[in-house]
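Hello,

Here is the structure I promised to pass on to you. Have a look at it first, and then read on for what turned up in it.

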Amino acid sequence: MSLTADTDATRGLRIRNVGKTYRIEGRPLPVLQNIHLDIGPGEFVGIVGASGCGKSTLLRLIIGLEADYEGEIALGGDPIGGPSRERGIVFQDHRLFPWLTVTDNIALGLEGLAAAEVRERIAENIELVGLQGFENAYPHQLSGGMAQRAAIARALAMRPQILVLDEPLGALDSLTRVRLQNELFRIGRQSRMTMVLVTHDVEEAVYRSDKVVVMEPRPGRIKATIPVHLDHPRQRGSAEFVNLRERVYEALQY
Ligand SMILES: Nc1ncnc2c1ncn2[C@@H]1O[C@H](COP(=O)(O)OP(=O)(O)O)[C@@H](O)[C@H]1O
Ligand SMILES: [Mg+2]
C-alpha cells in the first residue's frame, strides 16, 4: 500500500484565503484570517496551536456548521455549503443524544441506508471502538471515555470522505487513547479517509501526520505548515523525528 497521499488539490480539501469574524455585543471579533491550506485525499493533517487560536472554528467551517465566512472552502471541487454525511466530526465532548441508546445514536447518522447495511455498520464500528455489550446502553450509563468511543463509532459509521477530530481523545485513559489512536490511524490509511486532528500533543501530531499545521492566535492564522516525510512506523527517537518535533515546538513559541 502506498503511504504517499495524493495531494491533487482539486480532489482534496481546498481552503483559500478563509476568514471568520464573530460579533460580540455588536463588536467584530476576527477569529480566523487568511487561512490557506490544501489537504489531499487520504492525508492525515495535525493541527496544533494555543487555546483560542481558532482551531475548533476552522473545523466547524470545514464541516459546514458555519455558512458565514470569507474565502473559499471546497471538497473535491465542490464548495462547502452545509453539513453532509461525507464530512464527519468528533467533538471534544461526545454530543450523544441522552434519550437514545448507543445503537440508536449511531443509527441516526445512517438514515436512508438499508436496514442490513445499518446493522452491519453499527456492529462493525461498535466492535472497533470496543463497546461490545453496551449496544443498548444509554449515554448516562457509560463512562466519559466510553461515550467518546460511541461518538467515534457514530462518525466512522457514516464512512465520511473526511473526518475531523477536535481533541477527541483528551479525556480518555492513556491505554484507551493509544489503542484508539492506533485504530483511527489504521482506518484512515486503509480507507484513504482524510483526517484532520486537532491535538495538544505535539509528539502525537508529528508521529501521525503527513503535515503539521501550527496556528497562532488573535486573529487565528497559520504560522507554519510543516510536512513530515517520514515512513511509518516512525521512530520517535530518530534524528529526523526529533528535528521535526523541535520545529513544531519552535513555531509554537510566539
Ligand atoms: N460562537 C461564537 N461566538 C463568538 N465568539 C466565538 C464563538 N466561537 C468561538 N469564539 C471565539 O473565537 C475564538 C477562537 O475559538 P476556538 O475556535 O474555539 O479556538 P480553539 O479551538 O483554538 O481553542 C475564541 O476567542 C472564542 O472565544
Ligand atoms: Mg477548540
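Let me begin with one residue: is E25 buried or exposed? E25 counts as exposed, because its relative accessibility is 80%, and over 50% is the range for that label. Please keep in mind throughout that this is a predicted model. E25 sits in the loop between β1 (13–24) and β2 (27–39). Its backbone also deserves a look: phi of E25 is near 50°, a positive value in a residue other than glycine.

A second residue of this kind is N34, where phi is near 55°, again positive in a residue other than glycine. While E25 belongs to a loop, N34 is found in strand β2. N34 counts as partly exposed, because its relative accessibility is 47%, which lies between the 20% and 50% limits.

**The chain as a whole**

Stepping back, the protein chain is built from 7 helices and 10 strands. Its radius of gyration is 18 Å, close to the 18 Å that the globule rule gives for 254 residues, so the chain is as compact as a globular protein of that length. Taken along the principal axes, the C-alpha atoms fill a box of roughly 50 × 50 × 35 Å.

Of the 254 residues in the protein chain, 51% are buried. The chain exposes about 12,300 Å², and carbon and sulfur atoms supply 50% of that area. If you take the contacts between residues at least 6 apart in sequence, 69% of them join residues at least 24 apart. As for charge, there are 30 positive and 32 negative charges, and their mean positions are 2 Å apart.

**Aromatic pairs**

F97 counts as partly exposed, because its relative accessibility is 34%. W99 has a relative accessibility of 60%, so W99 counts as exposed.

Another pair is formed by Y207 and F241, and this one is edge-to-face, with 6.4 Å from centre to centre and 65° between the planes. This pair links distant parts of the chain: Y207 lies in helix α6 (residues 202–208) and F241 in helix α7 (residues 239–252), 34 residues apart. Both Y207 and F241 are buried.

Helix α1 (residues 55–63) is mostly covered, with 7 of its 9 residues buried. The buried residues in α1 are K55, T57, L58, L59, L61, I62 and I63. After α1 comes G64, which has a positive phi, near 90°.

With a relative accessible area of 39%, N182 is partly exposed. N182 and R208 are 26 residues apart in sequence, and their C-alpha atoms are 9.3 Å apart in space.

The other is S191, also found in helix α5. S191 is partly exposed, since its relative accessible area is 42%.

**Cis peptide bonds**

Where is P219 found? P219 belongs to the loop between β9 (211–216) and β10 (221–227), and the peptide bond from R218 to P219 is cis, with omega near -15°. The peptide bond from H232 to P233 is cis too, with omega near -5°. P233 is found in the loop between β10 and α7.

Best wishes

Methods
Residues are numbered from 1 along each chain as its sequence is written. Chains are lettered from A and ligands numbered from 1 in the order in which they are written. This is a predicted model: local features need pLDDT of at least 70, side-chain atom pairs count only at pLDDT 80 or more; totals for chains, interfaces and linings use all residues. Side-chain values use heavy atoms; hydrogens and water are left out. Helices (H or I, at least four residues) and strands (E, at least two) are DSSP runs, numbered from the N terminus. The radius of gyration is taken over C-alpha atoms; the globule rule is 2.2 Å times the number of residues to the power 0.38. Buried means under 20% relative accessible area, exposed over 50%, partly exposed in between (1.4 Å probe, protein chains only). Contact means heavy atoms within 4.5 Å. Accessible areas come from the Shrake-Rupley method with a 1.4 Å probe; for residues, only the protein chains shown count as cover. Lys and Arg count as positive and Asp and Glu as negative; His and the chain ends are not counted. The place of a charge is taken as NZ of Lys, CZ of Arg, CG of Asp or CD of Glu. Rings of Phe, Tyr and Trp (its six-membered ring) pair if their centres lie within 6.5 Å; planes under 30 degrees apart count as stacked, over 60 as edge-to-face and the rest as tilted.
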